[in-house]
Amino acid sequence: MGVGKTTIGKLVAQKLFRSFVDIDQEIEKEYNMPTSKIFKQIGEKAFREKEKEVISNYCTQKLKIISLGGGAFLQKEIRDICLKNCIIFYLDVSWDSWKERIDILIDSRPVLQGRTLQEIEELFRERQEIYSLHHSKLNTDNHDVEEIADYIIESLKLAWELYD
C-alpha cells in the first residue's frame, strides 16, 4: 500500500508496450465511486469479493501488467491464482520510508483511517510476512521509479531468455 505499484506498473507497461490494469481503479469504475466510499457504503467484505472476481479475470489474461491493492494479496485464493498465473514482483519498502508517506496516503486508504501510528505499523509488519510470497523482490527505498521499472523489465527479459 502506497509503495508506488500504480506508478511503476504504468511505466513498466509503457516500456513493454503492454496494457496496464490497476485493480482498485477497475473496481472504482464499476461502482462509480472511490475505494474509500465503496468501503463505507458497501463494506469491505463486498469490496474484497469484487476484488477477487476482478483479479481472477485479469490474472488469466496474457501480457498484462497488473497492480493489486495492498490488501488483495492477503486473501489466500488471490495469492494462489496470482502465483500460479503471473510473475509477482514484491515492491518492498522499509517502515521508515513508508511512514513518511502516511500523511498523503491516509485519506485514500480506508484501512488506515481511524488507526494510531502504532496500529498502522502493526498492519504494515503483518503484511510483510504475507507479501514474502512472490517471484521477485526489490527494495524501493532510495530508488526512483525509472530504476525500479528498468529492474523489473531486465528481470523479465532474463526470465524470458531462460525459459525460451
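Where is the place of Asn142?

1. Asn142 lies in the loop between strand S4 (136-139) and helix H9 (145-163). Helices (H or I, at least four residues) and strands (E, at least two) are DSSP runs, numbered from the N terminus. The phi of Asn142 is positive, about 60°, although Asn142 is not a glycine. With a relative accessibility of 81%, Asn142 counts as exposed; the term exposed stands for over 50% relative accessible area, with a 1.4 Å probe and protein chains only.

2. Asn32 also belongs to a loop, the one between helix H2 (23-31) and helix H3 (35-41). Its phi is near 60°, a positive value in a residue other than glycine. Asn32 is exposed, at 69% relative accessible area.

3. The model is predicted: local features need pLDDT of at least 70 and side-chain atom pairs count only at pLDDT 80 or more, whereas totals for chains, interfaces and linings use all residues. Residues are numbered from 1 along each chain as its sequence is written, and side-chain values use heavy atoms, with hydrogens and water left out.

4. The largest pocket holds about 1200 Å³ of space. A pocket is an open set of points on a 1 Å grid over the protein atoms alone, where a 1.4 Å probe fits, with protein on both sides within 12 Å along at least five of seven lines; lining residues have an atom within 4 Å of a point. The volume is the space filled by probe spheres set on the points.

5. The lining of this pocket comprises 46 residues, and Ile66, Cys86, Ile87, Ile88 and Phe89 lie nearest its centre. Among the elements that give two or more residues to the lining are helix H1 (5-16), strand S2 (64-67) and helix H9.

How values were computed:
Buried means under 20% relative accessible area, exposed over 50%, partly exposed in between (1.4 Å probe, protein chains only).
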